[in-house]
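Take a look at the sequence and the fold below.

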Amino acid sequence: MRAVEFQQYGGPEVLRVVAAEVPEPGPGQVSVDVAYTGVNFADLKARAEGYRVPGLPFVPGLEVSGRVRALGAGVTGLTVGQEVAALTESGAYAEVAVAEAATVFPLPPGTDLRTAATLPTVLPTAYALIHSVGRLQPGETVLVQGAAGGVGTAAGRLARAAGAGAVYGVVSSAAKAAYAKEHGYDEVFTGAFREPVRQATGGRGVDLVLDPVGGDTLREGLASLAVFGRLVSFGNASSAEPWSVGQPELYPLGVSVSGFSILTLARTAPAALRRLSELAFAKAADGTVSLPVTAEFPLEEAAEAHRLMGSRTSTGKLLLRVRGA
C-alpha cells in the first residue's frame, strides 16, 4: 500500500510517499480502507518536533474516513465494508489505517465519506470545550483562540447553538476574521486581544476562554476572564515551555483553569470519548454544526497540505484524498 512517512524531523519536504506493509488489526482493533484523511496541526508538530512520535520512520495522521477492511479479535458492532470514521493513534496518511474499535464510528445518517473525515478529532474536541469541560451556560460569553481553524469553526457554531450571550474570536489576519464571522462569531480580534475584550464586554471580561496556543497567549486569556471565569487549554501551538498557574492568578477573581486532549482521553477513558463523540456527531447530523473543507490534496501531496497549514493562512478543514468516496 501507499503511505506517507518521514524519516527525520524537518519541514514539509521530509514527507515521502513509500510502499508499506498493509497493517493487520490486533485484538480489539479495526483496519480501515481509507477514503479521506484529515490534516491536523498535531501532524505538523509531529513532523517538525517529534510530538507524540515514538520512533522513526513515522506515518502521521490522526483521523480517517473509509470502509472497514478487517476486524480484530473480540470486535463487535461493526461489519466488514461498513462506512466509518475513526480516530487513530497515528498512521492515517496511508491507504489502510488501524484504530482501536472504541474510536471507530459508523457514519451519522446522511454523512458522506468526505464530510466524515472532518469529524473524528475536531468536532468532539469542540463539543468538549463548549460543553463537557467548558460548561458554557446560556447567556455566558466565550473567547476562542484560532477562531478560523477547524476547532474554532466548530466551537463558534456550538457556542451559538448553546445560547452564548456573545461569541468572540481571535485570529491572525483580516481574511480569517471575515471567515470566522460567517461561523457564529459576533466580534473577531486580530492580534492583541486583552484590551479589546475588556472594551467589548464593558470591562467585565468573558466567562470562558478556549486556548490552543499556550505561552503568553494563554496568560493573556487568563487575564481576560470575568469573575468566576474558566479557561480551557487544549494545545500548545506556540511550543512554549510548560506553564503553571496558582493562587496569585486564581484567587482574586475565583477563576479556574482546566485542560483537554482528545488523544489523551482516547487512551485513558475510551468509553467517555465514545460517548462524547456520539453527542458531537449528533450535532453534525442535525445540522447544528458543519465544518467546511477548504482545501483537499491527493495523498502524494501531503507536503503541500502541510505547507498550507503551516503558513497560517488556511481556514476550516484540510483533507488528504486517499481513495475517494
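S132 lies in helix α3. Helices here are DSSP runs of H or I with at least four residues, strands are runs of E with at least two, and both are numbered from the N terminus. The model is predicted, so local features need pLDDT of at least 70 and side-chain atom pairs count only at pLDDT 80 or more, while totals for chains, interfaces and linings use all residues. Residues are numbered from 1 along each chain as its sequence is written, and side-chain values use heavy atoms, with hydrogens and water left out.

How covered is S132? It is partly exposed, with a relative accessible area of 36%. That term sits between buried (under 20% relative accessible area) and exposed (over 50%), with a 1.4 Å probe and protein chains only. S132 touches Y127 and L276, leaving aside residues up to four places away in sequence. Contact means heavy atoms within 4.5 Å. S132 and L276 are 144 residues apart in sequence, yet 8.2 Å apart in space, C-alpha to C-alpha.

Now take the whole helix. α3 spans residues 122-132 and is mostly covered. Nine of its eleven residues are buried. Among them are V122, L123, P124 and Y127.

Next comes a sheet. It is open, with six strands in the order β10-β9-β8-β11-β12-β13, and the pairing is parallel. Strands pair if DSSP finds at least two bridges between them. At the edges are β10 (187-190) and β13 (256-259), each pairing on one side only. Neighbouring strands are turned by 20° against each other on average, direction ignored. Inside the sheet, β11 (residues 206-211) and β12 (residues 225-233) pair in the parallel sense over five bridges. There V206 stands opposite L225 in β12. Helix α5 (residues 174-181) packs on the sheet and touches β9 (166-171) and β10. The direction of α5 makes about 165° with that of β10. Axes are lines fitted to C-alpha atoms, for helices over the stretch in contact, and angles run from 0 to 180 degrees between N-to-C directions.

Last, a helix pair. Helix α1 (residues 41-49) and helix α11 (residues 302-310) pack at about 105°, their axes 10 Å apart. That makes α1 roughly perpendicular to α11, a term for angles of 65 to 115 degrees. The contact is made by F41, D43, L44 and R47 of α1 with H306, M309 and G310 of α11. These residues divide into three nonpolar, two polar and two charged. Asp, Glu, Lys and Arg count as charged; Ala, Val, Leu, Ile, Met, Phe, Trp, Tyr, Cys and Pro as nonpolar; the others, Gly among them, as polar.

Technical notes:
Parallel < 35°, antiparallel > 145°, perpendicular 65-115°, else oblique.
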